[in-house]
Amino acid sequence: MTTTITRSFQAEESIDHVWSNISNPERLVTCLPGAQLTETVDEKNFKGEVVMKFGPVKAKYNGLITFEELNAETKQMKMIGKGLDSKGKGSADMVMNCNLTEKDGGTSVDYTINITITGMLAQFGARLITDVTNSVFDEFTANFKAKLKGEEVDNSMSAGKMMGTVVKSMFGGGKKKEDATPPPPPKSDTTT
Amino acid sequence: MIKCKTSKEISGMGHSMKRKEDARFLKGKGNYVDDIKLPGMLHMDIVRSPYAYAKIVKINAEEALKIPGVIAVVTGKDLEQYNLHWMPTLMSDTQMVLPTDTVMYQAQEVAAVIATDRYAARDGKEAVMVEYEPMKPLMDPKKSMDEDAPLLRPDKEGQTNNHIWHWEAGDREATEKVFNEADVVVKEHMHIPRIHVASIETCGCVADYDKVENHLTMYMTTQAPHAIRTVIALVAGHVGLTEEKVRVISPDIGGGFGGKVPVYPGYVIAIAVSFLVGKPIKWVEDRSENLQADSFARDYHIDAEMAADKNGKILATRFKVLADHGYTDASANPSKFPTGLFSIGTGSYDYGTAFMEADAVYTNKPPGGVAYRCSFRVTEAVHAIERMTDRLALEIGKDPAQLRFENFIKKDQFPWKSPTGWEYDSGDYHAGLELAMKAIDYEGLRKEQVEKRANGEMMGIGISTFTEIVGAGPSKDFDILGIKMFDSAEIRVHPTGKAIARFGTKSQGQGHETTYAQIIAEELGIPAEHIQIEEGDTDTAPYGLGTYASRSTPTAGAAAAMAARKLRDKAKKIAAHLLEVSEDDLEWEPGKFSVKGAPEKSKTIQEIVFASYTNHPQGMEAGFEATHYYDPPNLTFPSGAYICVVDIDKETCEIKVRRFVAIDDCGNIINPMIVQGQVHGGLTQGIAPAMYEELIYDEAGNILNGTFMDYLVPTAVESPKWETGHTVTPSPHHPIGAKGVGESPTVGAPPAIANAIVDALSVHGVTHMEIPITPFKVWKELQKRGVFDKE
């Protein structure tokens, strides 16, 4: 199943500063919750892993990240991620298109992400995937903004954190980033 | 009121005897496959594919084998050595037991993990690493025949595209002529979606191969144990498992509904592993495996058309079907009937011209096409004809009940030859609909509807007057893998007048232990309480094709009556001997023979049976036993008239079934209470596809509702109060005049509900809604039509 997410946000920093962050895989990837780089293949290809964990489903994707387009002049970036579940339980593919424009003395960041998930996560979590993805990229945006300011970012993934965000978003809450109080742990019957 | 010929003590036909089997079910003493524990038994779990279509690059079991308790990981390559990696389906297609190179649907079996306990097996399954090379799956059957569609079955010799078979019935040219000349033609496209039987008990088995005796005992969830034994012998005969070395035992079954007719790979893998290691192997599916991988039902895309004159006299119908069978045709149909009994789709109406055709195609979905409580595709056919009948009524502005009365086959037209070749045995459609209309106050409802509509409220009334076709079937036409579809009964009465009777069928909740006993009680006068019924063990029961498609009463029930009559004939000879009179001087009343004109001179059946062991006439065979293999002369044609009333909330579009009246005619009734229970269950399984159930796949081949969190099985909360009743039109050719009832409500209910919803929405110009009709679908339809803009 495919989910498309479109996001825009305004950064206070200059376009060159934002570009230097967004075109740097080390800095970009570590803003994505649960993701980390494991190997630099060449200047455009990187190996990494993403852990997705919510409710009964835990998936670790090992994948290849490729910058298909990095145009410093037009400030256009296209990144493709192809991940395979480390246990052969499925795959996740992602295409991210991002472009920067100067706006109000800062930078407008616009990105679109298409995520296609196949396998166990899609089978069991279809109903939650849109919500999960939305909250993942809410967090990604917040992390990225913090990183631009030079702050430390914690992008580790925990089951409680993930499930909590999703449960909240299903009930209309949790969309707000500042609401970071962890919710009570999921009831045992949701994990069987 | 049903007239009973026997006393309550005997409890023959017509008595609402309490179910004999219920004591053990209610007290937790049922014996299901998962209750079977054998010494040294190992457990199996199955690694399944996350992809709908992929090459298998490598299966790495290294980590799995390190887990304490994990003994082996079996792959397709292992089975290939014994030529057990493929098996035939009941439709003579082929199906993988385990793949050697390609997976064809999501959740397909890829490897089996054998361990000392179930937990270790599950841990092992998680640890098996499979490397795949995913390919773009073919999910839309409408694209199966496209030029650029991948050839899904290159393994099949001569297969050059994804077409499986073409089928047709009726007269194409004559139908076209009628359609060209008709005043009115209505047409709709309808999809009868893929659904799952979702029985409470999933599938499973314990395969117990004894190396010393070279003998396999197979405990399994099967509705057709004898057929399965034959299939095992056909598949595994070459490794020494010939039919006399195979014993299939089908213990208590927690719901079958057709889903336990096919042979699933899990069964075969368990047998193969038990054969290799010489230990019992248990395999029991979990809920999601059951829902995602086992045989589905339905999945017919139908273009339905009806031609009529301007007064609404139906002249002809034409149905064109595209059948999505997944990657292999694993239906459980009789050989000559790839679409099952779909050609019943001309319905309860008197017209002479029809044409139906179907094409089946492969897709990357699980295989199947089982008769989910639908007697071989009758649900699909009835949905099409009953929707079109309402569609015609809407088109010409005639009340749908009136239109039906004017088109019904009349009571005196039976036996009636249908335009697709069936001979309907009996029916009284007018009486059924009249009774249903009276029970629900049809006229009052129509008046209320006019008032409600004036207030902008959406209320709908839907009718379904269906004809079922069950009891497959006469041997001249009906076989599965060449085996004729008769069924059998063997009655053995003990010296003290108590009996055991064995059958080739297998109850999965239908109440055979009670109803079969009642049939024998009716014929022999031995109290039903004293008759033990046994099914499901191929070593003891006579051969039969099993229980599905509402065939047990029409076939095995008839066999019980016929075997009992053989015994009554013998009883008469013995009674004549004991009473020293001629057989012609005897008369029978349930339980005894007495001398005509001298009723005090009589012998009870118990005395007669005792004599058959202690004092039988010289020259007569001793004992009191009989067997009958019943080959039905025709199918039976139950019918029903269902009326449903719905209210649709004009803001939320929530659909509420306010009332549902179901009048069934299943011929003579054996046990009214059991019939009512069957009807309640069937109606609930009818509301399911109409409003809730559908297996949904995305383009990548993911099943999006493979758990009960997302796949909506109706519960008591969703079920309206069912109001049931019956008319009785006995089958003229069945020994006890019974017709079969288990599936009628599932067949009849969906179009009644759909017709009611469409009736409610028709004020906004809606002519058809695809099932399952959810509030969201209704909301979208009304939104599309700008209904909410106006308000």
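1. In this predicted model, the side chains of Glu289(B) and Lys125(B) form a salt bridge, with 3.3 Å from N to O. The term denotes a side-chain nitrogen of Lys or Arg within 4 Å of a carboxyl oxygen of Asp or Glu. The pair joins distant parts of the chain, since Glu289(B) belongs to helix H8 (residues 287-293) of chain B and Lys125(B) to helix H4 (residues 118-127) of chain B, 164 residues apart. Helices (H or I, at least four residues) and strands (E, at least two) are DSSP runs, numbered from the N terminus. Over all chains, the structure holds 60 salt bridges.

2. On conventions, residues are numbered from 1 along each chain as its sequence is written, and chains are lettered from A and ligands numbered from 1 in the order in which they are written. Local features need pLDDT of at least 70, side-chain atom pairs count only at pLDDT 80 or more, and totals for chains, interfaces and linings use all residues, while side-chain values use heavy atoms, with hydrogens and water left out.

3. Between chain A and chain B, 17 residues of chain A are in contact (heavy atoms within 4.5 Å) with 21 residues of chain B. The two chains bury about 1400 Å² between them, 50% of it on carbon and sulfur atoms; buried area is the accessible area (1.4 Å probe) that two parts lose on being put together, summed over both.

4. The count of salt bridges between chain A and chain B is 0, whereas 6 residue pairs are in polar contact across this interface, both residues being at pLDDT 80 or more. A polar contact is a pair of N or O atoms within 3.5 Å; within protein, one must be able to donate a hydrogen and the other to accept it, and residues adjacent in sequence count only if both atoms are side-chain atoms. On the side of chain A that touches chain B, two or more residues each come from strand S6 (90-103), strand S7 (106-119) and helix H3 (120-148) of chain A. H3(A) gives the most, with 6 residues.

5. Two cis peptide bonds deserve mention. One runs from Ala472(B) to Gly473(B), with omega near -20°, and Gly473(B) lies in the loop between strand S22 (458-467) and strand S23 (479-480) of chain B. Another runs from Ile771(B) to Pro772(B), with omega near -5°; Pro772(B) is in the loop between helix H17 (744-761) and helix H18 (775-784) of chain B.

6. Ser11(B), a residue other than glycine, has a positive phi, near 55°. Ser11(B) is placed in the segment before helix H1 (22-26) of chain B. As background, most residues other than glycine have a negative phi, and most peptide bonds are trans.
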